[in-house]
Amino acid sequence: MHLVILGLNHKTAPVEVRERFSLSRESIIKGLKNLPLYQTLDEAVVLSTCNRSEIYAVVDEKNANVRQLKQFWFDLSGSNEEIDEYLYSFYDEDCIRHLFWVASSLDSLIIGEGQILSQVKEAYSIAREENSTSTILNTLFHRAIATGKRVRTETRIAFNAVSVSYAAVELAKKVFGTLAESNVLIYGAGKMAELAAQNLLGAGARKSMWPTATGIKPRSWPAVSTEPPSASTMPSPRPVIPT
């Protein structure tokens, strides 16, 4: 039996590729329910965030079963796009080391950010609920999560840690000098948009505006921090705004 991980992240793939292979909670649950159909995959946990999509698995043979692991990923995402140039894989001890780095936020876009540990916990929780883990992955994820907690409590890695949203607001303050009394357009309906709104509020911004299917609507800050607009109300993507 061997541990293997197949994945891509912010270091190996541009954002447009990461978006195409980002996996929803629903697709992950559906895929894990079908795991018995993949005879060479004995256990699996799927971790998918804004900056990474990874599948951790237990297989009988290293090289031969990676092909089926890749097919499992294609079935989850609904795409057969050739993405070998963006993928990485690790085996056994390297797989263990990688997960420990991920859970400890050492592999994050923002070193020390606190969201990834919760995301690892959620990925493992989903896999447990779908009975797609057993002794090997249970042991691995228990220890990785415990290690992530120790790193955050026993080191200073999180002392100046920030989220991507916080870093974006800090950059805006450097560019514009102050955001006090500013009107802000927030394009997005997910967790990152909500976090951005909260950080903008903290920086003194006065009013937010959210694009909707019928135009740009103003929103008060209390609504921003608790109820960002749902994805169903967002318009289809327009030309990409350069970053």
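At 17% relative accessibility, K70 counts as buried, where buried means under 20% relative accessible area, exposed over 50% and partly exposed in between (1.4 Å probe, protein chains only). This is a predicted model, in which local features need pLDDT of at least 70, side-chain atom pairs count only at pLDDT 80 or more, and totals for chains, interfaces and linings use all residues. Residues are numbered from 1 along each chain as its sequence is written, and side-chain values use heavy atoms, with hydrogens and water left out.

K70 is found in helix α3, residues 62-77. Helices (H or I, at least four residues) and strands (E, at least two) are DSSP runs, numbered from the N terminus. The side chain of K70 is joined to that of E82 by a polar contact of 3.2 Å. A polar contact is a pair of N or O atoms within 3.5 Å; within protein, one must be able to donate a hydrogen and the other to accept it, and residues adjacent in sequence count only if both atoms are side-chain atoms. Leaving aside residues up to four places away in sequence, K70 touches L6, E82, D84 and L87, with contact meaning heavy atoms within 4.5 Å.

Now look at E54 in strand β3, residues 52-59. E54 counts as buried, at 1% relative accessibility. Its side chain has a polar contact of 2.9 Å with the side chain of R52. Not counting residues up to four places away in sequence, the residues that E54 touches include I5, L6, Y88 and H98.

Which residues of helix α2 (residues 25-33) are buried? They are S27, I28, G31 and L32. Seen down the axis of α2, these buried residues fall within an arc of 130°, so they line one face of the helix; the arc is that of the directions from the helix axis to the C-beta atoms. On the other side of α2 you will find E26, K30 and K33 exposed.

G31 is buried at 8% relative accessibility. Not counting residues up to four places away in sequence, G31 touches F72 and L76. The C-alpha atoms of G31 and F72 are separated by 7.8 Å, although the two residues are 41 residues apart along the chain.

Most residues other than glycine have a negative phi.

L106 is partly exposed, with a relative accessible area of 32%. Together with W101 and I111, L106 forms a nonpolar patch on the surface, with about 280 Å² of accessible area. Patches are made of residues with over 30% relative accessible area and no salt bridge; like charges are joined within 9 Å, and nonpolar side chains (Val, Leu, Ile, Met, Phe, Trp, Tyr) within 5 Å. A salt bridge is a side-chain nitrogen of Lys or Arg within 4 Å of a carboxyl oxygen of Asp or Glu. Accessible areas come from the Shrake-Rupley method with a 1.4 Å probe, and for residues, only the protein chains shown count as cover.

**The whole chain**

The protein chain has 9 helices and 7 strands. Of its 243 residues, 42% are buried. Among contacts with a separation of 6 or more, 68% are between residues 24 or more positions apart. The chain exposes about 13,300 Å², and carbon and sulfur atoms supply 54% of it.
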